[in-house]
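Reader: I would like a close look at one part of this assembly, taken slowly and with the numbers kept in view.

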Amino acid sequence: MGQIELKQVTKSFGTTQVIPPLDLIIQDGEFTVFVGPSGCGKSTLLRLIAGLEDITTGHIEIDGKGATDVVPAKRGLAMVFQSYALYPHMSVRKNIAFPLRMAKLDKAEITKRVEGAASVLNLTDYLDRRPGQLSGGQRQRVAIGRAIVREPAAFLFDEPLSNLDAALRVGMRLEISELHKRLETTMVYVTHDQVEAMTMADKIVVLNAGVIEQEGTPLELYRSPRNTFVAGFIGSPKMNLITGPEAEKQNAHTIGVRPEHIDVVESGGQWQGTVGVAEHLGSDTFFHIHNTGLAEMLTVRAIGDVSLRHGDAIHLNPRAAEIHRFDAQGLRIS
Amino acid sequence: MARNVTTQRKIITTAAAWTIGLIIFFPIYWTILTSFKTEAQAINDPPLFFAFNWTLENYAIVQERSDYMKFLWNSVVIAGGSTILGTLIAIPAAWSMAFVPSVRTKDILLWMLSTKMLPAVGVLYPISLVFVQFNLLDTRGGLMVVLMLINLPIIVWMLYSYFKEIPGEILEAARMDGATLKEEILYVLTPMAIPGIASTLLLNFILAWNEAFWTLNLTATNAAPLTAFIASYSSPEGLFFAKLSAASTMAIAPILILGWLSQKQLVRGLTFGAVK
Amino acid sequence: MATKASRSAARTMMTPAVILLLGWMLVPLIMTLWFSFTKYLPLRGDSIQRGLEWVGFANYSRFLSSSAFWPSVQTTLIMVGGVLLITVVLGVLLAMLLDQPMWGQGVVRILIIAPFFVMPTVSALVWKNMMMDPVNGIFAHLWRFFGAEPVAWLQDASLSSVVTIVSWQWLPFATLILLTAIQSLDSEQLEAAEMDGALVIKRFWFIVLPHLARAITIVILIQTIFLLSIFAEIFVTTGGAFGTRTLTYLIFQRVIDSQNIGLGSAGGVYAIILANIVAIFLMRIVGKNLDA
């Protein structure tokens, strides 16, 4: 079990309120990702759930039981930190065993669980090393091992992949997703990387300045962003947001169209411009286009290799059905 | 420095450094050397640097006159006891300041340090009255408490600066792992801070060992440490150079050896963690 | 990482240290203050049990008007200032020398650090007799060797002699801290300055010295704390004679030698005030410098 419910939770540091009243339900077994730009309060929110920070007002319930005044140790949650926070003076074995030792489990049970976790995480050969002798990816696995042996109600991840290099990050992303599929335990995952959010989440919670801008499945957020913030944040490269006459033509203050929803045509396109930078990836080509009269720069993704170069004129056709419209407040017009 | 240094320059630097080093060390060297001379050789003109009959008789005489082992033991007990006591009190305090800092933390730290500025002589009489009242005069326990109080601010400060280098996330991890505060400090913080705690213990042991105001003024015979042992040679008998040297050597040898052995940790400790 | 629980735990865990130090500060301070307003001469039969005679500010004005007071303040400041100046200047030079590549650096370090381990009573005795004795001291031999008349250091140049002894004790401390600081100086910074055409002196002035500012502050702070209460060195060498009577020593004489507790306590209050002036001054600088 691991349902987490936040009711009217606020957090202030001194006189600055970093989280205005916020309600959120994280369902049992759900993989929830908090995503947002740095300083949006996503890590603070996670630490409130963990109990590492006090909430200023409101309630937190874990599995229907009030957890607001429960110390972190007693909430039944496990956390994986950004820096992994391994105990440098203990071997991998002792690191993983630490929470069990604190729970006063007997030795045989501890050994069994530690070795079980080690074999799941491919750490068996490293059990007697110190964290300092491990690579970044291995350390990450130890941190995860330390979390799973406790069989917690929920896992909390605080930007766990941000210290890994790009290749490892993709691998660990898959491992964590698989772990979730196998354990079916609630996971709350904080990241500023929307690709991680899109690939891993059952539910994404987009945060901005402590406020939940939108929550929903990755595709819900992609298909119908509730406002311009979510529209700009979810999806890569970013959605093009256009204001002015072109938007007014569509009875909107702002229109948004994703780079992959603009087609490059030979001539006679609805929009024209000149190519600034062209990024040829082989499978795709990204164009950064100037002088369209619509926005300072448009980003367009073409499938395959399109042989336009810097300074070339380009003709574009947005797909009408894929245009998102927003009002003056930035809210979606449906 | 990533550059080629000419051998010539290195020779000059070496010569200069060694000369200065030897000059600074000379008084100690001279004392140790003299302690092995006879009194006549000790005041020989010109001074004898090598050619003399080495003798241990001064050490025998000093030992006969005053029971060195008793003073030594008092020094060990008083310095060791006060340091350990201080550290036990300082660890929780330093934990608080390093990991749960508040707006007042820095003020408290500075206030603690400022208690060290309280001129000892200004409060000597009141303290001796308190000592008389509680029968602490000339006891090791009383002196241990006083030296602990004197060094407590430094111990707190040093531990604080070491603890601050330990990432808070690791302690939070321990908390998430179900550790109580006691377990967090015992199993996670303390083992991680061992090098820092060791150099704190060392430096404060040395400071307590060499403390010469309270140890001279609050002891008579029973609890007198080595500072008092050597002070008894400051009378005109001190003119017996060889015996004075032997006594001096006996008083400083233990801490000199300890200091040299632990030089690396000490240098770090000496800087109070404030200079990296 | 601050929750209500951890904050209250923090307060609890700080309490023993704070209470002990508060007691250590307040109890004697209050007693000293009280004594300073009374006539308290234990040798003439005054005692707390029998009640002390309240004399108001008499002790204060007497201590202040005593011919020994101002010279003792002056001596204190000269001694502290002199030692600080010598140790910091020599410390910087020595640290820069030791930072250079050389053979046997470890041994040189051991030689230089040694005085720090020598207890003040011993170093005072050794210097007084073995080095500065006008007949048999090393200096006397040296002076005679060059055909000069040996100097009675502790009588004729007493204050500077004491300053020398104390500087010898504290130079290792200054040198080692400054050396640690110099070693943390990024050599690329110096090389960049060299590329920019800065000469040795300019490099020292504009890069090395600012880099050392923090370390120098620490040296000054720590040393001042210890230097203000210098006792053994004076007790052993001159007994406060020949212009080496610091405020600390003057009070010591009033309290212990002449057993005038009231007068000594008034002096103690002055010493506390002086120490506080110095402390506030220092804390300001240090507080600022330690923020980083």
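Which domains does the domain assignment give for chain B, and how does chain B then meet chain C, down to the helices and residues in contact?

Author: The model is a predicted one, and what follows should be read with that in mind. For chain B, the domain assignment gives domain 1, covering 7–60, and domain 2, covering 67–232. The centres of domain 1 of chain B and domain 2 of chain B, taken over C-alpha atoms, are separated by 36 Å.

Turning to the partner chain, 85 residues of chain B are in contact with 83 residues of chain C. On the side of chain B that touches chain C, the largest share, 16 residues, is supplied by helix α1 (residues 7–34) of chain B. By class, that side of chain B consists of 61 nonpolar, 18 polar and six charged residues.

The packing of this helix can be followed in more detail. Two packed helices are described by the angle between their axes and the distance between the axes. For α1(B) and helix α3 (residues 69–99) of chain C, the angle is about 135 degrees and the axes lie 9 Å apart. Angles over 145 degrees would count as roughly antiparallel and those from 65 to 115 as roughly perpendicular, so α1(B) and α3(C) are oblique to each other. The crossing in which α1(B) passes α3(C) is left-handed. At the level of residues, Thr13(B), Ala16(B), Ala17(B) and Ile20(B) on the α1(B) side meet Leu94(C), Leu97(C) and Leu98(C) on the α3(C) side. The residues of this helix contact divide into six nonpolar and one polar, with no charged residue among them.

Chain B also touches chain A, in a contact that takes 18 residues from chain A and 15 residues from chain B. On the chain A side, β6 (77–80) and α2 (92–102) each supply at least two residues, and the classes there are 15 nonpolar, two polar and one charged.

As for chain A itself, nine helices and 19 strands are found in it, and its C-alpha atoms fill a box of roughly 75 × 45 × 35 Å along the principal axes. Of the 334 residues in chain A, 42% are buried. Among contacts in chain A between residues at least 6 apart in sequence, 63% join residues that are at least 24 apart.

Methods
Residues are numbered from 1 along each chain as its sequence is written. Chains are lettered from A and ligands numbered from 1 in the order in which they are written. This is a predicted model: local features need pLDDT of at least 70, side-chain atom pairs count only at pLDDT 80 or more; totals for chains, interfaces and linings use all residues. Helices (H or I, at least four residues) and strands (E, at least two) are DSSP runs, numbered from the N terminus. A residue is buried if 20 or more other C-beta atoms lie within 10 Å of its own, exposed if 12 or fewer, and partly exposed in between; C-beta atoms are placed from the backbone. Two residues are in contact if their C-beta atoms, placed from the backbone, lie within 7 Å. Ala, Val, Leu, Ile, Met, Phe, Trp, Tyr, Cys and Pro count as nonpolar, Asp, Glu, Lys and Arg as charged, and the others, Gly among them, as polar. Domain bounds come from an automatic or database domain assignment. Axes are lines fitted to C-alpha atoms, for helices over the stretch in contact, and angles run from 0 to 180 degrees between N-to-C directions. Angles under 35 degrees count as roughly parallel, over 145 as roughly antiparallel, 65 to 115 as roughly perpendicular and the rest as oblique. A crossing is left-handed if the near helix is turned anticlockwise from the far one by less than a right angle, and right-handed if clockwise.
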